[in-house]
Amino acid sequence: MPAILNLSLSRRFEEPMTAATLRLRRALTRLAPAFRRLALRNGHLASLTPVQAQAILFCGRTRPNLATVGHLARELGSSHATAVGIVDGLGRRGLLERRTKPDDRRVTLLTLTAQGKELFCQLEADNPALERALASLPASEQERVAQALESISAHLAAEGIFQLSAPCPGCCYFRPQADPASSRPHFCHYFRQPLSESEIHLDCPKHKPARLASVG
Ligand code: SF4
């Protein structure tokens with residue numbers, strides 16, 4: 001048996017998981033293929049591959065000045081070159097455009113075309129199976145499950161497994177209503193800039209959950 005496998009097996013027996021940890025781990029592992037199937041189903045409807053669908057969702061959900069190829073690569077867990085290939089493919093299909101960031105010419109921003117936006121709306125809306133499954137939980141339970149999953153995501157993101165993008169509410173850098181009379185009443189202490197109501201609902205790759213600000 002290879003040494004590395006021996007090591008992982010011995011660790012596993014030295015530190016046995018509790019029954020709850022084991023159940024949670026199995027539940028999450030089982031959900032992964034279900035989400036892949038949902039993505040495939042959506043991708044099939046829009047004749048996109050799952051990873052192309054993920055790229056379209058990234059561009060539609062992320063704050064426009066942060067929708068860069070680099071952030072897309074981290075979101076997909078891919079290399080920069082792979083992300084560029086995906087962007088090129090979507091560009092050839094007329095779904096996505098690149099433009100140089102006005103204040104930093106080294107950075108390329110990704111924008112959905114009108115056709116890309118249409119597809120984004122379909123991908124966002126077309127998930128009735130998931131919506132039915134979520135609606136089966138009472139609201140209070142949805143809140144608890146959301147908090148638990150957010151905690152797991154934040155820990156995995158802190159270990160560099162993937163990039164955690166999320167809207168501003170709940171971020172440790174977010175100051176809501178810092179200037180209530182302004183058209184951009186909220187404030188971000190990370191970027192040191194005011195934010196409008198619509199901006200705070202878009203995903204940000206720099207989001208850091210306030211509850212877990214000490215992680216990472
Ligand atoms: S760092 Fe936090 S507060 Fe600032 S824009 Fe990103 S999510 Fe919003």
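## A walk through the chain

Starting from the N terminus, the elements of the protein chain read α-α-α-α-α-β-β-α-α-α-β-β-β. That makes eight helices and five strands, where helices (H or I, at least four residues) and strands (E, at least two) are DSSP runs numbered from the N terminus. What you're looking at is a predicted model: local features need pLDDT of at least 70, side-chain atom pairs count only at pLDDT 80 or more, and totals for chains, interfaces and linings use all residues. Residue numbers start from 1 along each chain as its sequence is written.

Now for some totals. Of the 216 residues of the protein chain, 20% count as buried. Buried here takes 20 or more other C-beta atoms within 10 Å of the residue's own, exposed takes 12 or fewer, partly exposed is what lies in between, and the C-beta atoms are placed from the backbone. As for contacts (C-beta atoms, placed from the backbone, within 7 Å), take those between residues at least 6 apart in sequence: 53% of them join residues at least 24 apart.

Let's zoom in on helix 4, residues 69-76, where H71, L72 and E75 are buried. They sit on the same side of helix 4, because they cover an arc of only 105 degrees around the axis, the arc being that of the directions from the helix axis to the C-beta atoms. An α-helix has 3.6 residues a turn, so residues three or four places apart point the same way. The buried residues of helix 4 pack against helix 3 (50-61), helix 5 (80-92) and strand 2 (104-112). Just past helix 4, G77 adopts a positive phi of about 70 degrees.

R74 leads us to another part of the chain: G160 is 86 residues away from R74 in sequence, yet the two are 9.2 Å apart in space, C-alpha to C-alpha. You'll find G160 in the loop between helix 8 (139-158) and strand 3. G160 counts as exposed because it has 10 C-beta neighbours inside 10 Å.

Further on, three strands make an open sheet in the order 3-4-5, with antiparallel pairing; strands pair if DSSP finds at least two bridges between them. Strand 3 (174-175) and strand 5 (193-195) are the edge strands, each pairing on one side only. Strand 4 (residues 186-188) is joined to strand 5 by three bridges, and H186 stands opposite L195 in strand 5.

Last stop, the ligand. Around it are C168, C171, Y173, F174, C188, Y190, F191, C204, K206 and H207, each with its C-beta atom, placed from the backbone, within 6 Å of it.

Notes
Contact = placed C-beta atoms within 7 Å.
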